[in-house]
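The report below is a reading of one structure, with the cut-offs behind each term given where the term is first used. Please keep the sequence and the coordinates at hand while reading.

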Amino acid sequence: MRVRLLACLEIIRPHNMLAAALGVAAGFHVAGGGALQPLVPAALLAALATGAGNVINDYFDFAIDRVNKPRRPLPSGRLSPRAALAWYAALAVITTAVALVGVSGAVLVVVLAWEVLLFLYAAFLKRTWVAGNVTVAVVAASAFLAGGLAAGRPETSAVPMAVAFAFVMCRELIKGGEDLEGDSAAGVRTLAAIAGRERTACISACAMLAVAALIPLPSVAGLFGGRYLAVMVCLVTPVLMTGALAVVRRPERPVFGRVSRGLKLAMFAGIVAIALGV
């Protein structure tokens, strides 16, 4: 029983859930939100929807993860596909129920859209690299939109969403390079599966360098302050630049994996930078 409970916790990926909740909180802060009453349910729902999305993604990726991530709960046998599907259903029902009673209006629409898009991504869209990557980036970036909507000023989320979308797209390309073998065997058409690791390394590096070059623009335009720029330049830009250099020099699976993990950590720093930027 303990093993299954730990597997249920692992499969929802709490760090991803935390990132989604922090994105909502940052969007709420940027929008000038004050009272916690509208923020808490929106952040909770972002976390729940993300957790449910992770479960259903692993359910559909069972065969892929046997190659790419054999230590995950499903391929390792610590959790059965049937149990994972039941866990997803429970999370989806809880998320929908909390959304219907805890938020209203546009925030409710965003939460329901998250649930639908994450299911479609896991079941269908992941097999087409452009649609799959864009779906993940849109869902991640829209956490800031949910925060802005909860604060009543969704227009303030435009810049954070653009930054997050570009950053997540970079990481999606890198993840494709890391997961090439399993994706190719399962017919998942990522960029790496179509073009190979070397070309993916070059394209990913160009994308990361472009994002690094564009990072200062919100400060230059006067939309964000010096704290945003300081955190981004000190903690995020170096990860993008060293990651770009690493994959070009050695376009190998372990290198893509290290860069992917570095980008995930940098994502948290980016959220903090956006929150501090106002």
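Glu252 has a relative accessible area of 34% and is therefore partly exposed, where buried means under 20%, exposed means over 50% and partly exposed lies in between, calculated with a 1.4 Å probe on protein chains only. Glu252 is placed in the loop between helix H13 (226-249) and helix H14 (253-276), helices here being DSSP runs of H or I with at least four residues, numbered from the N terminus. Its C-alpha atom is separated by 7.8 Å from that of Glu178, although the two residues are 74 residues apart along the chain.

This is a predicted model, in which local features need pLDDT of at least 70 and side-chain atom pairs count only at pLDDT 80 or more, while totals for chains, interfaces and linings use all residues. Residues are numbered from 1 along each chain as its sequence is written, and side-chain values use heavy atoms, with hydrogens and water left out. The predictor's confidence in each residue, pLDDT, runs from 0 to 100; the mean for the protein chain is 95, and 100% of its residues reach 70 or more. Confidence is lowest in helix H9 (residues 180-185), with a mean of 88, and highest in H3, with 98.

Apart from neighbours within four places in sequence, Lys126 is in contact (heavy atoms within 4.5 Å) with Asn57, Asp61, Tyr121, Gly132 and Val188. With Asp61 there is also a side-chain polar contact of 2.2 Å; such a contact is a pair of N or O atoms within 3.5 Å, of which, within protein, one must be able to donate a hydrogen and the other to accept it, and residues adjacent in sequence count only if both atoms are side-chain atoms.

Arg13 belongs to the loop between H1 and H2 and, with a relative accessible area of 11%, is buried. Its phi is near 55°, a positive value in a residue other than glycine. Most residues other than glycine have a negative phi.

Ser204, in helix H11 (residues 197-214), is buried, with a relative accessible area of 0%. Not counting residues up to four places away in sequence, Ser204 touches Leu173 and Ile174.

How far apart are the end C-alpha atoms of helix H5? They are 31 Å apart, which agrees with the 32 Å that its 22 residues (81-102) should span at 1.5 Å a residue, the expected span being 1.5 Å times one less than the number of residues. The buried residues of H5, among them Tyr88, Leu91 and Thr95, pack against helix H1 (2-11), helix H3 (39-60) and helix H6 (105-123).

A nonpolar core is a set of buried Ala, Val, Leu, Ile, Met, Phe, Trp, Tyr and Cys residues joined through side-chain atoms within 4.5 Å. In the largest such core, of 40 residues, Ile11, Val24, Val55, Leu79 and Trp114 touch the most other members. At least two residues of this core come from each of H1, helix H2 (14-30), H3, H5, H6 and H7, and H3 contributes the largest share, 11 residues. A second, separate core has 33 residues, including Val211, Tyr228, Val231 and Ile274.

Aromatic rings of Phe, Tyr and Trp (its six-membered ring) pair if their centres lie within 6.5 Å, with planes under 30 degrees apart counted as stacked, over 60 as edge-to-face and the rest as tilted. By this rule there are four aromatic pairs, and two of them are listed here.

| Pair | Centre distance | Plane angle | Class |
|---|---|---|---|
| Tyr59 and Phe60 | 5.3 Å | 80° | edge-to-face |
| Phe60 and Phe119 | 5.9 Å | 80° | edge-to-face |

Because Phe60 lies in helix H3 and Phe119 in helix H6, their pair ties together parts that are 59 residues apart in sequence. Tyr59, at 28%, Phe60, at 30%, and Phe119, at 31%, are partly exposed by relative accessible area. Tyr59, Phe60, Tyr88 and Phe119 form one aromatic cluster, and Tyr88 is one of the buried residues of H5.
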